[in-house]
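Subject: Structure handover

Hi there,

Here is the structure I promised to pass on to you. Have a look at it first, and then read on for my notes.

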Amino acid sequence: MRKIVVELCDIITSRGARLSAAGIVGILKKLGKDTLKDGENQRSVIAVDGALFERYTKFRNCLEETMKELLGDTADSIVIELSNDGSGVGAALLAASHSQYTDLEES
């Protein structure tokens, strides 16, 4: 019974990682970062927060493998990093960017 539970958890983990990778690739495509231009050597860093990515290596490995599968050679220019308190940092960046945008509209 334990083997079945472990196998089921692995299936669910793989699905979650693949869906996460698909979302990340979708955002990269929207930003135009899904392909390398000639002579370009720029890296894109994706900050990920959460215990699942941090502590469950099967999830992390599956996410990275799926990114390579979807992006091909471009995946080498994408770095996925753990960001502790990423949601707090993201909220602060969003608030800062929104306040700058609002300030520009009022000028």
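Let me start with the cysteines. C9 has a relative accessibility of 39%, so C9 counts as partly exposed, on a scale where buried means under 20% relative accessible area, exposed means over 50%, and partly exposed lies in between (1.4 Å probe, protein chains only). C62 has a relative accessible area of 11% and is therefore buried. The number of disulfides is zero, where a disulfide is a pair of cysteine sulfur atoms within 2.5 Å.

A word on conventions. This is a predicted model, in which local features need pLDDT of at least 70 and side-chain atom pairs count only at pLDDT 80 or more, while totals for chains, interfaces and linings use all residues. Residues are numbered from 1 along each chain as its sequence is written, and side-chain values use heavy atoms, with hydrogens and water left out.

**The chain as a whole**

There are four helices and two strands in the chain, and from the N terminus on they follow the order α-β-α-α-β-α. Helices (H or I, at least four residues) and strands (E, at least two) are DSSP runs, numbered from the N terminus. Of the 107 residues in the chain, 22% are buried. The accessible surface of the chain is about 8000 Å², and carbon and sulfur atoms account for 56% of that surface; these areas come from the Shrake-Rupley method with a 1.4 Å probe, and for residues only the protein chains shown count as cover. If you take the contacts between residues at least 6 apart in sequence, 78% of them join residues at least 24 apart. Contact here means heavy atoms within 4.5 Å.

**Helices α1 and α3**

Two packed helices are described by the angle between their axes and the distance between the axes. For helix α1 (residues 2-31) and helix α3 (residues 57-71), the axes come within 8 Å and cross at roughly 45°. Axes are lines fitted to C-alpha atoms, for helices over the stretch in contact, and angles run from 0 to 180 degrees between N-to-C directions. Why are α1 and α3 called oblique to each other? Angles under 35 degrees count as roughly parallel, over 145 as roughly antiparallel, 65 to 115 as roughly perpendicular and the rest as oblique, so with axes crossing at roughly 45° α1 and α3 are oblique. The crossing of α1 and α3 is right-handed; that word applies if the near helix is turned clockwise from the far one by less than a right angle, and left-handed if anticlockwise.

The residues that α1 brings to this meeting with α3 include D10, T13, G16, A17 and S20, and those from α3 include F59, C62, T66 and L70. F59, in helix α3, is buried at a relative accessible area of 9%. Setting aside neighbours within four places in sequence, F59 is in contact with T13, G16, A17, S20, L52 and F53. F59 and T13 are 46 residues apart along the chain, yet their C-alpha atoms are separated by 5.8 Å.

Also in helix α3 is E64, which is partly exposed with a relative accessible area of 29%. E64 and I80 are 16 residues apart in sequence, with 8.0 Å from C-alpha to C-alpha.

- S44 belongs to strand β1 (residues 44-48) and is buried, at a relative accessible area of 14%. Its contacts are K33, S77, I78 and V79.
- T74 sits in the loop between α3 and β2 (78-82). With a relative accessible area of 9%, T74 is buried, and T74 touches K33, D34, T35 and L36.
- Q42 is in the loop between α1 and β1 and is partly exposed at 44% relative accessibility. Q42 touches K33, L36 and S77; the C-alpha atoms of Q42 and S77, 35 residues apart along the chain, are separated by 6.8 Å.
- N84 is in the loop between β2 and α4 (86-106). Is N84 buried or exposed? N84 is exposed, with a relative accessible area of 55%. D49 and E54 are in contact with N84, and G50, 34 residues away in sequence, is 7.6 Å from N84, C-alpha to C-alpha.
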